Every structure is written in C-alpha cells, then in structure tokens.
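Reader: I have a model open on my screen. Walk me through the labels, and tell me what stands behind each one.

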Amino acid sequence: MKIVYRSTHPDVLEHWRNTGAAEAQVAWRDRVDATLTDLGFPDSNPVVQGETRVIGVTHNGEPPAGWRRNRDLKGTITPARRTTTGKEIGKRLDALRRPDPRKNMPGGMPEVAFTGHTFMQCGIAPHGDAIYVTWGAELDSGDATHIAPEVWERIKTSEFYAVLEAEEAKAS
C-alpha cells in the first residue's frame, strides 16, 4: 500500500529547487568536476558512496601523494587521511555532498521511517506545481505526528496515480 503526501507550500518548493531540481544536481556535478580537475584528475569519475558522499576517484595508476589505493573498491583511490595532504584532500571531498531533497524537508516530513520491523526511505518528486512524497507503507504514529498538515496534505493513492497518468498523457 503506497502512502502519498503532496505539498505546494513555498518552503517545500524552494527546498526542492535547492536540492532536487535538475539544476541543483548539475551544479553539484560541476563542483565535483572542478574539484577533481583542481586535484589533478580532470577526466576521472568520482566514486560516490550512499548516493551523496564523494569518497574518492577512479584511478588505475600509482596513487599520487596524499592518496591511497582503496582495497575494497578496485580501480579507486581515496584520500590518505593519515597524512597532512590526505587530510586536506579529504576535507575537499567531504564538502562535495550531493544535495538530497529527502534531507531536512520542511513541514516535518521525515527522510526515513521505521514501520514495524521495516526501514523505509521516502520517494520524492515534482509533478505539476506540487512536490509529492511517497512511502511504501503506513508511517508509525511517531513519524506521522511530526508532519505539519498546513505544509503536507495526505492524498489518496488514486489521486496520485491520476496526476501521473495526466503527465504521461501530456508527454505523449
């Protein structure tokens, strides 16, 4: 059973523009590319952990000063954080957190929830002039009571699917 919330609140829309919109994601990638170029890896791919944290770079050659081969990730080097140079590189990579619109959503919408013995992470996407958050199951009362009704409106699943179908028809 899918649970759906909708918001057109200005704070939620601004949060989406700053973290989830395509422009915010492109700006993040530009910052990553600029940092990797500055660190001497202009044509390398970043290694991202947990979808948000840049931990290293793909590199098959000998690691330069301040870097070390990552034993767990073949073809990857990460900062050698026991060295002064590695610590500085690590700080720069740590500053490259990918924006995640699920984090710190206005109106008390949680990023994750536990329901019974299940860990859930919400889905979030814009459709039309609203932001929709979806959950795979009913939220426990502890999580649901923090959701501000003046910011988020719980809607019927059928209403959500009607929005998706209308968008799909418009795109066809």
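**Labels and their grounds**

Author: The buried residues of helix 2 pack against helix 1 (10-19), strand 2 (46-49), strand 3 and helix 3 (84-94). Keep in mind that this is a predicted model.

Reader: Which residues of helix 2 are the buried ones?

Author: Ala24, Gln25, Trp28, Val32, Thr35 and Leu36 are buried in helix 2. They share a side of helix 2, because they cover an arc of only 110° around the axis. Ala22, Glu23 and Asp38 are exposed on the other side of helix 2.

Reader: What span does helix 2 have, and what span is expected?

Author: Helix 2 runs over residues 22-38, which is 17 residues. From first C-alpha to last, helix 2 reaches 24 Å. That is close to the 24 Å expected at 1.5 Å a residue.

Reader: What follows helix 2?

Author: Glycine 40 follows helix 2, and its phi is positive, near 95°.

Reader: Why is arginine 29 called partly exposed?

Author: Arginine 29 has a relative accessible area of 32%. Buried means under 20%, and exposed means over 50%. The value falls in between, so arginine 29 is partly exposed. Arginine 29 is in helix 2. Among residues beyond four places in sequence, arginine 29 touches Asn45 and Pro46. Arginine 154 is 125 residues from arginine 29 in sequence, and 33 Å from it, C-alpha to C-alpha.

Reader: Now helix 1. How do you know that its buried residues line one face?

Author: Val12, His15, Trp16 and Thr19 are the buried residues of helix 1. Seen down the axis of helix 1, they fall within an arc of 100°, so they line one face. The cover over these buried residues includes strand 1 (3-7), helix 2, strand 8 (123-127) and strand 9 (130-135).

Reader: What makes valine 12 count as buried?

Author: Valine 12 has 3% relative accessibility. The cut-off for buried is under 20%. Valine 12 therefore counts as buried. Valine 12 lies in helix 1.

Reader: Which residues does valine 12 touch?

Author: Beyond four places in sequence, valine 12 touches Ser7, Pro106, Ile131, Val151 and Trp152. Asparagine 60 is 48 residues from valine 12 along the chain, and their C-alpha atoms are separated by 43 Å.

Reader: Why is valine 47 called buried?

Author: The relative accessible area of valine 47 is 13%. Buried means under 20%. So valine 47 is buried. Valine 47 is found in strand 2. Leaving out residues up to four places away in sequence, valine 47 touches Arg53, Val54, Ile55, Gly56, Val57, Thr58, Leu73 and Thr76. Valine 47 and threonine 19 are 28 residues apart in sequence, and 20 Å apart in space, C-alpha to C-alpha.

Reader: Threonine 52 is in a loop. Why is threonine 52 called buried?

Author: Threonine 52 has a relative accessible area of 12%. The label requires under 20%, so threonine 52 is buried. The loop is the one between strand 2 and strand 3. Beyond four places in sequence, threonine 52 touches Leu96, Arg97, Arg98 and Asp100.

Reader: What makes asparagine 104 count as exposed?

Author: Asparagine 104 has 70% relative accessibility. Exposed means over 50%. Asparagine 104 therefore counts as exposed. Asparagine 104 lies in the loop between helix 3 and strand 6 (112-115). Its phi is positive, about 55°, although asparagine 104 is not a glycine.

Reader: And why does serine 141 count as exposed?

Author: Serine 141 has 57% relative accessibility. That is set against over 50%, so serine 141 counts as exposed. Serine 141 is found in helix 4 (residues 141-144).

Reader: Last, the largest pocket. What lines the largest pocket?

Author: The lining is Gln49, Arg53, Ile55, Arg68, Asn70, Thr78, Pro79, Ala80, Arg81 and Arg82. Strand 3 (53-58) and strand 5 (76-79) are the elements that give two or more residues to the lining. The largest pocket has a volume of about 210 Å³.

Reader: How do the lining residues divide by type?

Author: The lining of the largest pocket has 3 nonpolar, 3 polar and 4 charged residues.

How values were computed: Residues numbered from 1 in each chain as written. Predicted model: local features only at pLDDT ≥ 70, side-chain atom pairs only at ≥ 80, totals over all residues. Heavy atoms only, no water. 1 Å grid on protein atoms, 1.4 Å probe; cavity = no way out; pocket = protein on both sides within 12 Å on 5 of 7 lines; lining within 4 Å. Points joined across faces, edges and corners; volume = space filled by probe spheres on them. Helix = DSSP H or I, 4+ residues; strand = E, 2+ residues; numbered from the N terminus. Nonpolar A, V, L, I, M, F, W, Y, C, P; charged D, E, K, R; others polar. Expected span 1.5 Å × (residues − 1). Buried < 20%, exposed > 50% of the residue type's maximum accessible area, 1.4 Å probe, protein only. Arc of directions from axis to C-beta. Contact = heavy atoms within 4.5 Å.
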